[in-house]
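This report describes one protein model for a reader who has not seen it before. Please look over the sequence and structure, then read on.

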Amino acid sequence: MRTPVHIKQKNVSCFQGTKFDMALKEIEHGSKEYQQMVQLRYEILRKPLGLDFTEEELAKEKNDILIGVIEDDKMLACCMLTKTKSDTVRLRQMAVHKNLQGKGIGASLMNFAENLARDRGYKNLVMHARKVAVGFYEKQGYKITGDEFIEVSIPHYLMQKKLG
């Protein structure tokens, strides 16, 4: 069993002068925080497309690295890392609360996720990025590595970053 990583950040300066007292941490599958993570992902990523999660999908997440950004016991943002090869993880289900998008929380979450992956020996991080989010990921150093494709009924791109 892995030891969860937890970083408390006080007065994190994000864009637009907003301050957050947030914790970036690894989430335990099945916990109360995990349930909040599933709910946030549903609201931001699935519900707008008329999709839900299956029990099988959620059960598979038990082996993933689950990451959340929490403030005052509320899930602000989350993502997960799924091992695809011995040296590669895939970023999945990146979601930031709608009212907080564009304030730097997503960038902090990405940095934390990359550091966790690097600390666990991964050399590459890949993702299926929604077309509307490509600009955000490019600012984080990711490169498009394939043609546009459709996944869950919307355009995506395969993106990658070497973690060095």
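Is lysine 25 buried or exposed? With a relative accessibility of 16%, lysine 25 counts as buried. Here buried means under 20% relative accessible area, exposed means over 50%, and partly exposed lies in between, with a 1.4 Å probe and protein chains only.

## Basis of the model

The model is predicted: local features need pLDDT of at least 70, side-chain atom pairs count only at pLDDT 80 or more, and totals for chains, interfaces and linings use all residues. Residues are numbered from 1 along each chain as its sequence is written, and side-chain values use heavy atoms, with hydrogens and water left out.

## Salt bridges

Side chains of opposite charge can pair when their charged atoms come close. The structure has eight salt bridges, each defined as a side-chain nitrogen of Lys or Arg within 4 Å of a carboxyl oxygen of Asp or Glu. One of them joins lysine 25 to glutamate 33, at 3.0 Å from N to O. Glutamate 33 is partly exposed, at 23% relative accessible area.

Another salt bridge pairs glutamate 43 with lysine 47, with 3.7 Å between the closest N and O atoms. Glutamate 43 is partly exposed at 33%, and lysine 47 is partly exposed at 46%.

Glutamate 148 and lysine 131 also form a salt bridge, their closest N and O atoms lying 3.2 Å apart. This pair links distant parts of the chain, 17 residues apart: glutamate 148 is in the loop between strand E7 (143–144) and strand E8 (149–151), and lysine 131 is in the loop between strand E6 (124–130) and helix H4 (134–139). Helices (H or I, at least four residues) and strands (E, at least two) are DSSP runs numbered from the N terminus. Glutamate 148 is partly exposed, with a relative accessible area of 37%; lysine 131 is partly exposed at 44%.

Arginine 46 belongs to helix H1 (residues 32–46) and is buried, at 11% relative accessibility. Leaving out residues up to four places away in sequence, arginine 46 touches Arg41, Leu51, Asp52, Phe53, Glu57 and Gln93; contact means heavy atoms within 4.5 Å.

Glutamine 93 lies in strand E5 (residues 88–96) and is buried at 16%. Although not a glycine, glutamine 93 has a positive phi of about 55°. Aspartate 72, also a residue other than glycine, has a positive phi near 50°. Aspartate 72 sits in the loop between strand E3 (65–71) and strand E4 (74–85) and is exposed, at 68% relative accessibility.

## The largest pocket

The largest pocket has a volume of about 1,200 Å³. On a 1 Å grid over the protein atoms alone, a pocket is an open set of points where a 1.4 Å probe fits, with protein on both sides within 12 Å along at least five of seven lines; lining residues have an atom within 4 Å of a point. Grid points are joined across faces, edges and corners, and the volume is the space filled by probe spheres set on the points.

The lining of the largest pocket consists of 42 residues, with Leu45, Met94, Ala95, Arg130 and Tyr137 nearest the centre. Strand E5 gives the most to this lining, with seven residues. The elements that each supply at least two lining residues include H1, helix H3 (105–119) and strand E9 (154–162). By type, the lining residues are 19 nonpolar, ten polar and 13 charged. Ala, Val, Leu, Ile, Met, Phe, Trp, Tyr, Cys and Pro count as nonpolar, Asp, Glu, Lys and Arg as charged, and the others, Gly among them, as polar.
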